[in-house]
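Please examine the sequence and the three-dimensional structure shown below. The paragraphs that follow lead through a few of its features in turn.

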Amino acid sequence: MKTGGDMADHLEFGSGSGSGEQVRILGAGAVREALARCAEDFCANGGWVSLQVDTSGGILARMANGEVYDLVAAASDAVDDLAQRGLLEGAPLVLGTARLAMGVRKGEPAPDISSIAAYKEALLGARCFVRGDPKGGGTGGRLIEDGLARIGVLDLTMEKTLLRVGGHNVMAAVADGSADFGLTQSTEIGPAPGVEIGGFLPEGMQVETVYSIAAQKGASASAQALLAHLASAAGQKRF
């Protein structure tokens with residue numbers, strides 16, 4: 001087993017030349033692409049958005065350490081946790097649902113994972129595969145490792161496993177040939193360069209994760225406007 005990859009990254013949208021304040025978003029990797037596209041839409045009308053990306057576990061740690069953002073987007077259980085701590089206000093907005101999937105290099109055949117038996121065969125027969133490191137706080141990494149333990153292959157596959165923090169790092173290891181395939185949230189595979197979804201994990205291994213977003217207390221009018229955009233038909237279409 002080899003580990004590596006730093007999850008956190010930071011994106012900026014708009015120039016700050018508009019009349020509104022900068023909207024600071026802290027978002028999970030599974031909704032990174034859709035949040036980025038919505039931020040571009042919002043900034044086309046003069047908005048200014050800063051998007052800090054981390055795992056859902058990393059988001060909880062940042063908030064516990066007192067970091068301040070206008071909007072927080074993560075797995076719904078993490079958002080609910082923050083709301084119970086009194087750090088958020090208003091009802092969370094559901095953004096969408098991600099499923100666990102296998103990513104392969106574009107144009108290459110994907111192993112059959114249509115059943116648990118086929119999934120086990122693909123894992124045991126791989127030269128090397130990559131998945132999210134649960135210690136990094138990612139929801140997908142935790143769910144996938146739990147599934148491997150349930151079907152008795154976690155220890156058997158450890159020597160051929162690469163662990164990366166963040167779905168984009170998981171997919172980077174597939175794209176560069178370091179791994180035969182990668183396992184992560186489906187929404188982290190589709191936007192990644194050089195890879196594509198090879199299949200969804202089978203029934204019994206599949207877990208759907210709902211992601212939502214909410215405002216921190218005292219969020220600016222610009223943040224509320226962006227939240228309204230996310231709730232609109234155009235915003236929801238991005239997800």
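Is Ala-39 buried or exposed? Ala-39 is buried, with a relative accessible area of 2%; here, buried means under 20% relative accessible area, exposed over 50%, and partly exposed in between, with a 1.4 Å probe and protein chains only. The model is a predicted one, in which local features need pLDDT of at least 70, side-chain atom pairs count only at pLDDT 80 or more, and totals for chains, interfaces and linings use all residues. Residues are numbered from 1 along each chain as its sequence is written, and side-chain values use heavy atoms, with hydrogens and water left out.

Ala-39 belongs to helix α1, residues 32-43. Helices (H or I, at least four residues) are DSSP runs, numbered from the N terminus. Apart from neighbours within four places in sequence, Ala-39 is in contact (heavy atoms within 4.5 Å) with Phe-13 and Val-49. Between Ala-39 and Arg-105 there are 66 residues in sequence and 28 Å in space, C-alpha to C-alpha.

Helix α8 spans residues 221-231, and its buried residues are Ser-222, Ala-223, Leu-226, Leu-227, His-229 and Leu-230. These residues lie on the same side of α8 because they cover an arc of only 155° around the axis. The arc is that of the directions from the helix axis to the C-beta atoms. An α-helix has 3.6 residues a turn, so residues three or four places apart point the same way.

Key
Helix = DSSP H or I, 4+ residues; strand = E, 2+ residues; numbered from the N terminus.
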